[in-house]
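Work through the exercises below with the sequence and the coordinates at hand. Each task is followed by a solution in steps.

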Amino acid sequence: MHEFAYKRDQLCCEGLPVKDLAKKFATPLYVYSAKTVLDHFLKIKKAFAPLKPLICYSVKANSNLSILKLLVDKGAGLDIVSGGELYRAQKVKCLAKKVVYASVGKTVKEIKDAIEYGILMFNVESAPELERINDIAAELNRRVDVALRVNLDISPKTHAYIKTAKKETKFGMEPDLAKDILINQRCYPNLNMKGVHIHIGSQITEARPCVDAIKKIKALIKEVKAQGVILEYLNIGGGLGIIYDKERPQTAAKFARKVLPLLKSISLKVILEPGRFIVGNAGILVTKVLYVKNTIQKKFIIIDAGMNDLIRPSLYQAHHTIVPLSLYRRKTKGTSKKADIVGPICESADFLGKERDLDAKVGDYLAVLGAGAYGFVMSSNYNSRPRVAEVLVKGKEVKLVRKRETYKDLVAKEIIV
Ligand code: LLP
């Protein structure tokens with residue numbers, strides 16, 4: 001469920017007409033619903049309540065400080081992947097002991113900064129990284145907590161670019177290597193091996209591959225335990241899918257029902273890292289129709305948002321539902337050609353929707369749904385387009401949470417020589 005719905009033929013966010021926001025803040029514009037973000041967080045919390053897990057929201061999905069603060073204030077931890085995300089975690093005063101840090105390419109500075117902040121643990125992705133963290137810990141005279149990310153060679157049904165646990169992907173360590181390291185952990189005297197981490201991919205709509213992954217990691221935990229290795233944490237990552245189109249993903253409660261018995265039998269403290277599930281359907285991208293172009297082949301609805309604002313359709317052929325803000329413009333089926341909804345960028349990959357039953361005229365506003373996760377965060381200045389504004393609706397309040405960039409911002413760091 002989310003808080004975007006039609007009221008008297010106008011698309012509203014938490015009851016406020018989105019058109020008013022589009023007029024006030026201009027387009028393109030990201031609009032987020034605070035209630036939806038929190039409802040989704042609470043859904044996961046409730047579903048997993050018997051385990052009292054640490055829920056570390058995955059910052060990469062939507063890193064706006066106001067979104068992070070909403071969640072941190074409700075007790076969420078954060079899953080980070082860079083020094084920049086660590087900085088954001090600090091900015092919203094996330095308790096260091098609720099921060100976990102993954103990524104295959106942590107730099108020396110990033111590792112040092114995270115140790116100094118006192119994060120809960122690093123999710124370590126390779127033996128060389130483990131050695132580096134051990135060396136830095138020695139230099140800083142600290143003992144540092146780590147979990148080993150294990151690559152279980154599991155292939156959930158999702159886009160190839162967001163599968164992360166097939167053995168040919170760069171993430172995590174082979175199970176045998178992880179076992180070997182855990183058993184010989186005395187070789188890393190400045191590290192505490194606290195747990196294991198698995199994250200098999202994103203936008204996963206069925207429990208099966210996750211259950212398989214947990215079963216595999218359970219066997220590994222059992223094997224190392226037999227060799228005297230005591231672990232405290234099992235981090236099962238994120239990945240819960242949402243509805244973009246015709247997907248019928250499991251609910252958090254259904255997913256929990258499938259994995260809870262298994263997780264209970266492992267009896268380690270559980271960490272979850274949901275991103276998309278919390279923010280995906282809590283955000284839309286609002287855009288205005290610039291032109292309608294009819295060619296013999298096709299109809300193009302040309303909008304003011306492009307692939308630089310939302311790259312998911314171009315990069316993953318992802319489907320985002322596109323609807324008018326005012327319902328009376330909605331096309332009655334079969335009256336005209338299907339339309340491609342395209343942006344102003346000079347690339348044929350610049351589309352937000354293809355072959356859609358959508359009728360629109362110049363000046364109409366449209367909403368691209370399900371844009372709260374991996375939307376603004378993946379946007380760029382390509383074609384020298386300033387990044388767009390973001391607003392957060394919180395009941396009757398509307399807050400600008402990121403200003404629209406200006407042309408001046410575009411060149412602010414450049415030097416003419
Ligand atoms: N934990 C780790 C270690 C991750 O790599 C990710 C996402 C998550 C948690 C959160 O996954 P989620 O719950 O959001 O599925 N840009 C792509 C998605 C990339 C996901 C990267 N890792 C997209 O737009 O579909």
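**Exercise 1: Asn308 and its partners**

The side chains of Asn308 and Asp309 are joined by a polar contact of 3.3 Å, a polar contact being a pair of N or O atoms within 3.5 Å; within protein, one must be able to donate a hydrogen and the other to accept it, and residues adjacent in sequence count only if both atoms are side-chain atoms. The model is predicted: local features need pLDDT of at least 70, side-chain atom pairs count only at pLDDT 80 or more, and totals for chains, interfaces and linings use all residues. Residues are numbered from 1 along each chain as its sequence is written, and side-chain values use heavy atoms, with hydrogens and water left out.

Task: Where does Asn308 lie, and is Asn308 buried or exposed?

Solution. 
- Step 1. Asn308 is in the loop between β14 and α11; helices (H or I, at least four residues) and strands (E, at least two) are DSSP runs, numbered from the N terminus.
- Step 2. The loop between β14 (299-303) and α11 (312-316) also holds Asp309.
- Step 3. Asn308 has 2% relative accessibility and therefore counts as buried, where buried means under 20% relative accessible area, exposed over 50% and partly exposed in between (1.4 Å probe, protein chains only).
- Step 4. Asp309, at 1%, is buried as well.
- Step 5. The side chain of Asn308 also makes a polar contact of 2.7 Å with that of Arg385.

**Exercise 2: Salt bridges**

Solution. 
- Step 1. Glu125 and Arg149 are both buried.
- Step 2. In the salt bridge of Arg208 with Asp212, the closest N and O atoms are 3.1 Å apart. Both residues belong to helix α8 (residues 208-226), with a spacing of 4 residues, about one turn of the helix.
- Step 3. Arg208 is partly exposed at 48%, and Asp212 is partly exposed at 30%.
- Step 4. Lys338 and Asp357 form a salt bridge with closest N and O atoms 3.3 Å apart. This pair links distant parts of the chain, 19 residues apart: Lys338 is in the loop between β15 (322-324) and β16 (339-342), Asp357 in the loop between β17 (351-356) and β18 (365-368).
- Step 5. Salt bridges also link Glu3, Lys35 and Asp39 in a network.

**Exercise 3: The ligand**

Task: Which residues are closest to the ligand, and how much of its area does the protein bury?

Solution. 
- Step 1. The ligand is surrounded by 19 residues, the closest being Ser202, Glu273, Arg312, Tyr316 and Tyr374; a residue counts if one of its heavy atoms lies within 4 Å.
- Step 2. A ligand nitrogen is 2.7 Å from an N or O atom in the side chain of Glu273.
- Step 3. A ligand oxygen lies 2.8 Å from a polar backbone atom of Arg276.
- Step 4. An oxygen of the ligand is 2.6 Å from an N or O atom in the side chain of Tyr374.
- Step 5. Taken alone, the ligand exposes 590 Å², of which the protein buries 92% (Shrake-Rupley method, 1.4 Å probe).

Notes
Salt bridge = Lys/Arg side-chain N within 4 Å of Asp/Glu carboxyl O.
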